[in-house]
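These notebook entries record what I looked up in one structure. I began with charged pairs and then turned to helices and the surface.

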Amino acid sequence: MLGFIHFADNLSAWFGKAFAWLIVLMAIGTGYEVFVRYVLNSPTAWALDVSFIMYGTLFMMGGAYTLSRGGHVRGDFLYRLWQPRTQAKVDFVLYLIFYFPGVTALILSGWKYASRSWGYGEVSVNSPAGVPIYQFKMVIVAAGILLFIQGIAQVCRCIIAMRTNRWVPAREDVFETEDLMMQQANKAEKDAHP
């Protein structure tokens, strides 16, 4: 089970980090649009559609990564007070009753939606540029598959926690800037006063 958890976490991390680069492309595209619109007085017809496509893709493809790192919002005012074994039992039931049926519906309906869009070569109706969007409809399916795989890993975490009363931790790979600065300051202080 630990091997699958690590595989799913690494897969989710790879996709999440790869698609995170869309933020840079969105910033460049938006900056370009602002420049040509307000400086050159020549707005583009495609910028809004492209920013929607990139943001939607980033949001969808980052879901499994966020799940693997425990970053989704949860109402844990009671949950955090429970033992890991109790948390795992509740999570396990909720994954089976809500998560997997929802993600399966996302994959199946996303497939139908994407195949229909590919069939008639769907273009955006938001701008006169007619930006093709059918290829981006497959992101729904890809994101659903990644969420399904990560969901299996989360269920494995639940099973281990139910047995051991300890959660298998996710690898930390993103840190707050303030935390890093505090660590550096503490290290510098220790080095200065050995």
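The entries below are set out by topic.

Entry 1, the model. I note at the outset that the model is predicted.

I searched the whole structure and found four salt bridges; I describe three of them, including the pair Glu33 and Arg37.

I looked up Glu33 and Arg37 and found their side chains joined in a salt bridge, with 2.7 Å from N to O. Both belong to helix H2, and because they are four residues apart, about one helical turn separates them. Glu33 counts as buried at 9% relative accessibility, whereas Arg37, at 35%, counts as partly exposed.

I then examined Lys137 and Glu122, whose side chains form a salt bridge at 2.9 Å, N to O. Each lies in the loop between H5 and H6, so this pair ties together parts that are 15 residues apart in sequence. I recorded Lys137 as buried, at 10% relative accessible area, and Glu122 as buried too, at 15%.

Next I checked Asp191 and Lys187, where the closest N and O atoms of the salt bridge are 3.3 Å apart. These residues sit four apart in helix H7 (residues 177-192), about one turn. Asp191 is exposed at 52%, and Lys187 is exposed at 54%.

I compared the axes of H5 (residues 84-120) and H6 (residues 138-164), which come within 8 Å and cross at roughly 165°. H5 is therefore roughly antiparallel to H6. I noted the crossing as left-handed.

I located a nonpolar surface patch of Val34, Phe35, Tyr38, Val39 and Leu40, with about 550 Å² of accessible area together. Phe35 lies in helix H2 (residues 22-38) and, at 42% relative accessibility, counts as partly exposed.

Definitions and conventions. Residues are numbered from 1 along each chain as its sequence is written. This is a predicted model: local features need pLDDT of at least 70, side-chain atom pairs count only at pLDDT 80 or more; totals for chains, interfaces and linings use all residues. Side-chain values use heavy atoms; hydrogens and water are left out. Patches are made of residues with over 30% relative accessible area and no salt bridge: like charges are joined within 9 Å, nonpolar side chains (Val, Leu, Ile, Met, Phe, Trp, Tyr) within 5 Å. Accessible areas come from the Shrake-Rupley method with a 1.4 Å probe; for residues, only the protein chains shown count as cover. Helices (H or I, at least four residues) and strands (E, at least two) are DSSP runs, numbered from the N terminus. Buried means under 20% relative accessible area, exposed over 50%, partly exposed in between (1.4 Å probe, protein chains only). Axes are lines fitted to C-alpha atoms, for helices over the stretch in contact, and angles run from 0 to 180 degrees between N-to-C directions. Angles under 35 degrees count as roughly parallel, over 145 as roughly antiparallel, 65 to 115 as roughly perpendicular and the rest as oblique. A crossing is left-handed if the near helix is turned anticlockwise from the far one by less than a right angle, and right-handed if clockwise.
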